[in-house]
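I am opening this notebook to record what I looked up in one structure, entry by entry.

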Amino acid sequence: MKISQVECFPLRITPQQAYLGGSVSEEEADYYYRPEYRCVYSRKMETCLVKITTDDGQVGWGEALAPVVPQVIAELITHLFAPLLKGQSPFSSAVLNSQMYDAMRDRGHITGYHIDALAAVDIALWDLKGNILGLPVYQLLGGAYRDTIPCYVSGLPEPDLAARCALAKRWQEKGFTAVKLALGYGVKEDIENVRAIRETLGEDARIFLDAHWNYSVAQAAELANALHPLGLGFLEAPLLPEDIAGHRELRAKSPIPVALGETERTRYQFKPFIEQRAADILQPDVGRTGISELMHIAALAETWNLQVAPHLSVGLGPCIAASIHVAAAIPNLFMLEYQPPVFAIANQLLNTPLVCEQGHYQLPQTAGLGIEINEDHVRESVMGATC
């Protein structure tokens, strides 16, 4: 059994609301800079799926987290990886991963789009192996430490504090007892926001804060000490991700656990944060690491008694399903992220929806990732396609 075909689907889907809030207009440019998040975002939902097929018709699907210019991922896979993959056994996935990584190592492409593309292929190969063997991916990874995956509602994408509080309350009434605020607008405003959410949800709710790399060490330490009496569960991305020494200093000063890692893609990038004790909770994203590398990162974290809270933002069906399987298969899971608007769009591309209820994802039990992609809907959403 050999790999015979590798197809890429760079997608652009128009949602009702832009990711993290805001309007979506066909008259506006797709990409815009959000200074409060220090990143370029798309008003559309963009990602890149990959489909790998064997010569006997077995199929595996993967996905790269590609919220901007997903066509770059498609080009890399089509021209760089597909010639390497074709004619190979899907069960040589570890060897193929090494070859794909090495392909651009001496050119300095050991992160970014090159590794995102590798992540998509890696997820597809795990799905493919599971489908061939008739086993869920979590079983191939060694089994499930848990049957359902605890999660937190992420973002609360509403325009003002009152609306965010109301949304948080609605999720609590649906059984979701943990929320994360996407803030980082200033120490004073962040404190006011967390205080309002705490008053709305009560003492038993778990509250997290994503500061989107907006603070200095002094500001982040001030924020952490002020929020400590409010019972904040973790402070995510408080400093620029390049500042390892700053994170080490902050962790020594902060009474609140420091979380980071959505920008990192390999165990080699996480290693200095771990060795220098610069974080409490690691947040690798399977759409940037792949399943194989995320398992390596989780194992490395476990040796330092650190927990893993996989990041999950604009990834659709394969990313979400892969995250669930990995979250089941690692012993040191903290919680998994849940993005309700993205989750709804992801399910539109699946024949059988993924399920997240009462604060937990259900672990798919069928072969591979446990999802069935609606390929007609995927092809309708390909960038440049006409419906």
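**Entry 1: strands**

I looked up the pairing of E1 and found that E1 and E4 pair in the antiparallel sense over 10 bridges, where two strands pair if DSSP finds at least two bridges between them. The names come from DSSP runs numbered from the N terminus, with helices (H or I) of at least four residues and strands (E) of at least two. I note here that this is a predicted model, in which local features need pLDDT of at least 70 and side-chain atom pairs count only at pLDDT 80 or more, while totals for chains, interfaces and linings use all residues. Residues are numbered from 1 along each chain as its sequence is written, and side-chain values use heavy atoms, with hydrogens and water left out.

Within this pair, I found that Cys8 has Val50 of E4 as its bridge partner. I also noted that E1 covers residues 3-13 and is mostly covered, since 8 of its 11 residues are buried; buried means under 20% relative accessible area, exposed over 50%, and partly exposed in between, with a 1.4 Å probe and protein chains only.

I then turned to strand E2 (residues 31-34), which runs antiparallel to E3 and is joined to E3 by 4 bridges. Tyr31 has Ser42 in E3 as its bridge partner. The hairpin of E2 and E3 has 4 residues between the strands, and Arg38 in this hairpin takes a positive phi near 55 degrees.

**Entry 2: the whole chain**

I recorded 13 helices and 15 strands for the chain. The radius of gyration of the chain, taken over C-alpha atoms, is 20 Å, close to the 21 Å that the globule rule gives for 387 residues, so the chain is as compact as a globular protein of that length. That rule is 2.2 Å times the number of residues to the power 0.38. I also wrote down that the C-alpha trace spans about 60 × 45 × 40 Å along its principal axes, and that buried residues make up 57% of the 387 residues.

**Entry 3: the largest pocket**

How large is the volume of the largest pocket? I found a value of about 810 Å³. The search uses a 1 Å grid over the protein atoms alone: a pocket is an open set of points with protein on both sides within 12 Å along at least five of seven lines, a cavity is a set of points where a 1.4 Å probe fits but cannot get out, and lining residues have an atom within 4 Å of a point. Grid points are joined across faces, edges and corners, and a volume is the space filled by probe spheres set on the points.

The largest pocket is lined by 41 residues, and those closest to its centre are Cys39, Pro67, Trp213, Glu262 and Arg288. E3 gives the most to this lining, with 4 residues.

**Entry 4: the second largest pocket**

I found about 360 Å³ of space in the second largest pocket. Its lining has 21 residues, of which Asn97, Arg267, Ser292, Glu293 and His296 lie nearest the centre. H10 gives the most to this lining, with 6 residues.

**Entry 5: the cavity**

How many cavities of 30 Å³ or more does a search of the whole structure find? I recorded 1 such cavity, and about 80 Å³ of space lies in the largest cavity. This cavity is lined by 13 residues, and those closest to its centre are Trp213, Pro241, Leu260, Gly261 and Thr263.

**Entry 6: single residues**

Most residues other than glycine have a negative phi. I therefore noted Trp213, which has a positive phi of about 65 degrees although it is not a glycine, and which counts as buried because its relative accessibility is 9%. Trp213 is found in the loop between strand E8 (206-210) and helix H7 (217-227).

Val69 also has a positive phi, of about 40 degrees, although it is not a glycine. Val69 lies in the loop between strand E5 (59-64) and helix H1 (70-85), and counts as partly exposed because its relative accessibility is 23%.

Last, I looked up His247, which is in helix H8 (residues 244-253) and counts as buried at 1% relative accessibility. Leaving aside neighbours within four places in sequence, His247 is in contact (heavy atoms within 4.5 Å) with residues including Pro241, Leu260 and Phe273.
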